[in-house]
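Please look over the sequence and the structure below. A short report follows.

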Amino acid sequence: MTAGRALQPEIARRLASAATAGAWTRAGLVLRFEETGVPDAGRIATRLHDLMPTPPIDGVDSVYRLLSELPQIEQPETVVEVSGSDWKFDVPRWSRTAAVAEAVGLTPAELDWFADPGGWLRTKATPLQHYRYRIRPDNRLLEAPKERLREVQRRILRSVLDRVPPHVAAHGFVPGRSVHTFAAPHAGHEVVVRMDLRAFFPTVSRTRVRAVFDALGYPTRVSRVLAGLCTTSTPPGILAQLPFDAASRLRGAHLPQGAPTSPALANIVAYQLDRRLTGLARTHRAGYTRYADDLAFSGTELAADRLIHAVGRIVADEGFSVHPGKTRIMRAHRCQHLAGLVVNTRPQAARADYDDLRALLFNCARYGPDSQNRDGRPHFREYVYGRIAWVGESNVSRKRSLHTRADRVDWAG
């Protein structure tokens, strides 16, 4: 595709009228634009929504002015290979599926088997399926890819997805960011609002994942294969063990919770959500961050009820949903906590977590670590030191005290 001259005034006016003739959503704009018959109207609608994610204040005129400044995108008469200008973020330029197979260490036949384009494997016997399944007590399903598919997904993660930067508001599964960076902007504020996205990974369908690879510049066939490698459809036998709501979300092809590619893909899919929520927070003079499915807002004078209502609308518009039972409005005179950290003054683990860990280390030193490993963890020492790192990351004195106690434990005894 090549960029051409600016949209003609009559075309810009026609599209502006179509834009304001219905709901201001990405899907609605694309549908109405395509009905006008303007070449590449769907892409123009997407660009308009990216530049103007909320409805215009002065209606048709502001939309017309913006469209008049956009260069028209002309469709070539013939289908051509993806050109260098179409690739985004310096990702590997796989223009054929054979190149994908070579990059991830599979033969072309194996690539088709793992991508499972027809969804055949969900009804096959367990040894033929590519995932292992475990249902947690809260009815969340963990879908862990088997070793070979996991390695394929790791290669896709390292070579493609790690090159796509997430939104600055996203802190989950992002190198250099953590729950502490997620919580830090909200410390010391009068009002903190926490919201939760329902079924974050299962909500991301194979179609949405394929759109990510399309946007990076990959041809349709390659995008389809990459999306197949990164998504799955849960087998009927597993669905039968889940509540109806959970099973209905997992029946279609979706991001599996347990695949190494899922967090990065979910962050990319949620980029526009983060962008819009950041803008919403700014209008409320508030801050916003997200850690996976946890949304956090904070401010000094925050109209929390209005904010929550607006967030719900934006979340739904972007194809996600809010878990209403997990929404919390936390004011300064009460404990404000995000992702297990107390943020009233600065992000740090709760005092109870620190006290519990001190008691555990005291008993390990006195009675031996085996006596405290009640859950039979195979690497109990590493588990304890992981808890020390968590509790001590934002409090140096606590970290020093806990390490002193841990040094007194005879871990080999």
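## Pocket lining

In this predicted model, α13 gives the most to the lining of the second largest pocket. Its share is 4 residues. The helix α13 runs over 244-250. Another helix, α9 (200-203), also supplies at least two residues of that lining.

The second largest pocket holds about 620 Å³ of space. A total of 27 residues line this pocket. Which of them are the closest to its centre? They are Arg140, Ala199, Phe200, Gln257 and Asp293.

## Overall build

The protein chain has 413 residues. Its secondary structure comes to 19 helices and 11 strands. Along the principal axes, the C-alpha trace spans about 80 × 60 × 40 Å.

## Burial and surface

What share of the residues counts as buried? The figure is 46% of the 413 residues. Here, buried means under 20% relative accessible area.

The accessible surface of the protein chain is about 20800 Å². Carbon and sulfur atoms account for 52% of that surface.

## Charges

The protein chain carries 58 positive and 42 negative charges.

Key: Residues numbered from 1 in each chain as written. Predicted model: local features only at pLDDT ≥ 70, side-chain atom pairs only at ≥ 80, totals over all residues. Heavy atoms only, no water. Buried < 20%, exposed > 50% of the residue type's maximum accessible area, 1.4 Å probe, protein only. Areas by Shrake-Rupley, 256 points an atom, 1.4 Å probe, with all protein chains shown as cover. Lys, Arg positive; Asp, Glu negative; His and termini not counted. Charge placed at Lys NZ, Arg CZ, Asp CG, Glu CD. 1 Å grid on protein atoms, 1.4 Å probe; cavity = no way out; pocket = protein on both sides within 12 Å on 5 of 7 lines; lining within 4 Å. Points joined across faces, edges and corners; volume = space filled by probe spheres on them.
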